[in-house]
Amino acid sequence: MDYNFELILFVSMHFLVYQSESARLKDIKKKAKELTEYLAVVDACHIKQKLITSDRNEEFELVETFINTTLTLACHFCDDKDDDVPKLWYRQSRYRNSNIVEVELGMEDELSSNRVYMKPDHTLVFNRTIEEDAALYYCSAHLGKDQNFKYNYLVDIVNASAAKVTIGNLKDWTAFEEKSFTEINNKFTTSNRSDYEDIRSKDILVEVIGRWQAWGTCDGCRKIRIKIAECRLQPSIKSKNITWKYSLNDGESFLMKSFEMSCYSTGLQKLYPNISNDLLEIGNFAITEHCYAPCKVYSESKSSAQYRNTIILAEGDHFTLICPEVNPKSEVVWEKNGVAISPNIRGGNLLIDSFSNLYIITASSDEEANYTCFVDDVKMQVVSVFVRQKLVITSDDFFRHFKYLGFIFLFSGIFYSAGMILAWNRRHTFKKVDFTKVAEERFVHYLDFNPSNTY
């Protein structure tokens, strides 16, 4: 699931800085809501390594989205391509109290004009999501009795005010988890407030957790990618063998029939507004890391590259330059400062592999240049590479010679110390000198050779 990094950075920065200023906070929430509603795009897919089990918490990929956003649900694993087998999308109430029915698609000739449509690769697209889109979604290539649902999603519409994101490192995450989740979980187990007590009285257990999502795509222009721990609510029954003896209201039925939901679900907000407000105070948590990807630029000039980037390498580093928008049939040419690089080059610090990736091996000042890749004669990317020379004190040669010098000083110090100790222990055997007598003898000797200086 990908996130708009600019949105997250903007919102989190202002929430962290202006948390204590109520007027400013309202203004930021308003801007966050506008950005969320009109800029955010949510792309969901299944990770191949993640097993889909019969456990209802693992059977579906929970997807959070706001109202009026663009949502896409992939009918294939992340980073995989469609297998071209005909498929259909189905939906069902999130409580599973209705039949599975086929998703109603728009009928406009131009796909993007429809609010709901399916791409040629069987990706389901929602333009301007609405609250009624919250449901279970299945994609299957088999119809009738042999339906085999592999790509299953639970779409949860969330509160637009849930844009609060705390950015930190893993150490910050531990403190965040202990403070925020422990506090809210204690409310569900011990709070005397009526809404919490009512939930406990029906033998409903609720746990708040942070579920880590996969790394988002790399923002090549900012050279950063983000990973989100989303706040999730997991309701369960106290005993699986319980014979239900309570009459449930709408809120309790909502919790009982929802195996997992976002802490900021609009359904939860309607039924438990006070609990929803408590959860809104938590927010999501994010960590970031540096990455490399082509940086997309927009220019009306056809001679301009579609991607630009700048890379700073330390002397001796290894790096791989990837030409974007390349397929197996593409003809790719790399240039260094306007001179074509032979794909059969041998020796030196540059190498082009069979996938048209350019490797910089053991970077030196000779590799400092502008590298341009052309795809089918189209100027696709320009990468400016700078090589930063290592300081003498940080070079490998300096450390190696410094170790040798250290051994010399060590042995010199050992022998010097041993000599001093030996001399101290033998001080009584040394010849004693009376310096007064020596001075007198030297004075007499001086007078013998200089009789004119006698007084």
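This is a predicted model: local features need pLDDT of at least 70, side-chain atom pairs count only at pLDDT 80 or more; totals for chains, interfaces and linings use all residues.
Q: Before we start, what counts as a disulfide here?
A: A disulfide is a pair of cysteine sulfur atoms within 2.5 Å.

Q: Nice. Where do Cys323 and Cys373 sit in the chain?
A: Cys323 is in the loop between strand 16 (319-321) and strand 17 (332-336), while Cys373 is in strand 21 (residues 369-375). The two are 50 residues apart, and the pair links distant parts of the chain.

Q: And are Cys323 and Cys373 buried or exposed?
A: Cys323 is buried, and Cys373 is buried as well.

Q: How many disulfides does the structure hold?
A: There are 5 disulfides in the structure. One of them joins Cys221 to Cys295, with an S to S distance of 1.9 Å. Cys221 is in the loop between strand 11 and strand 12, and Cys295 is in the loop between strand 14 (284-290) and strand 15 (307-314). That pair is 74 residues apart.

Q: What about the handedness of Cys221 and Cys295?
A: The torsion about their S-S bond is about 95°, so this disulfide is right-handed.

Q: Is Cys221 buried, partly exposed or exposed, and why?
A: Cys221 has 41% relative accessibility, so it counts as partly exposed. The cut-off for buried is under 20%.

Q: Got it. What about Cys231 and Cys263, how far apart are their sulfur atoms?
A: The sulfur atoms of Cys231 and Cys263 are 2.0 Å apart, and the two form a disulfide. Cys231 lies in strand 12 and Cys263 in the loop between strand 13 (261-262) and helix 7, so the pair ties together parts that are 32 residues apart in sequence. The link has -70° about the S-S bond and is left-handed. Cys231 and Cys263 are both buried.

Q: Changing topic: how many helices and strands are in the protein chain?
A: The protein chain has 10 helices and 22 strands. Of its 455 residues, 38% are buried.

Q: Which residues of helix 8 are buried?
A: Helix 8 covers residues 273-280, and its buried residues are Ile275, Ser276, Asp278, Leu279 and Leu280.

Q: What do the buried residues of helix 8 pack against?
A: They pack against helix 4 (170-190), helix 5 (194-201), strand 11 (204-212), strand 12 (224-237) and helix 7 (266-271).

Q: And on the surface, which residues form a nonpolar patch?
A: Tyr404, Phe407, Leu410, Phe411, Ile414 and Phe415 do, with about 690 Å² of accessible area together. Phe411 belongs to helix 9 (residues 396-425). With a relative accessible area of 47%, Phe411 is partly exposed.

Notes. Residues are numbered from 1 along each chain as its sequence is written. Side-chain values use heavy atoms; hydrogens and water are left out. Helices (H or I, at least four residues) and strands (E, at least two) are DSSP runs, numbered from the N terminus. Buried means under 20% relative accessible area, exposed over 50%, partly exposed in between (1.4 Å probe, protein chains only). Contact means heavy atoms within 4.5 Å. Patches are made of residues with over 30% relative accessible area and no salt bridge: like charges are joined within 9 Å, nonpolar side chains (Val, Leu, Ile, Met, Phe, Trp, Tyr) within 5 Å. Accessible areas come from the Shrake-Rupley method with a 1.4 Å probe; for residues, only the protein chains shown count as cover. A salt bridge is a side-chain nitrogen of Lys or Arg within 4 Å of a carboxyl oxygen of Asp or Glu.
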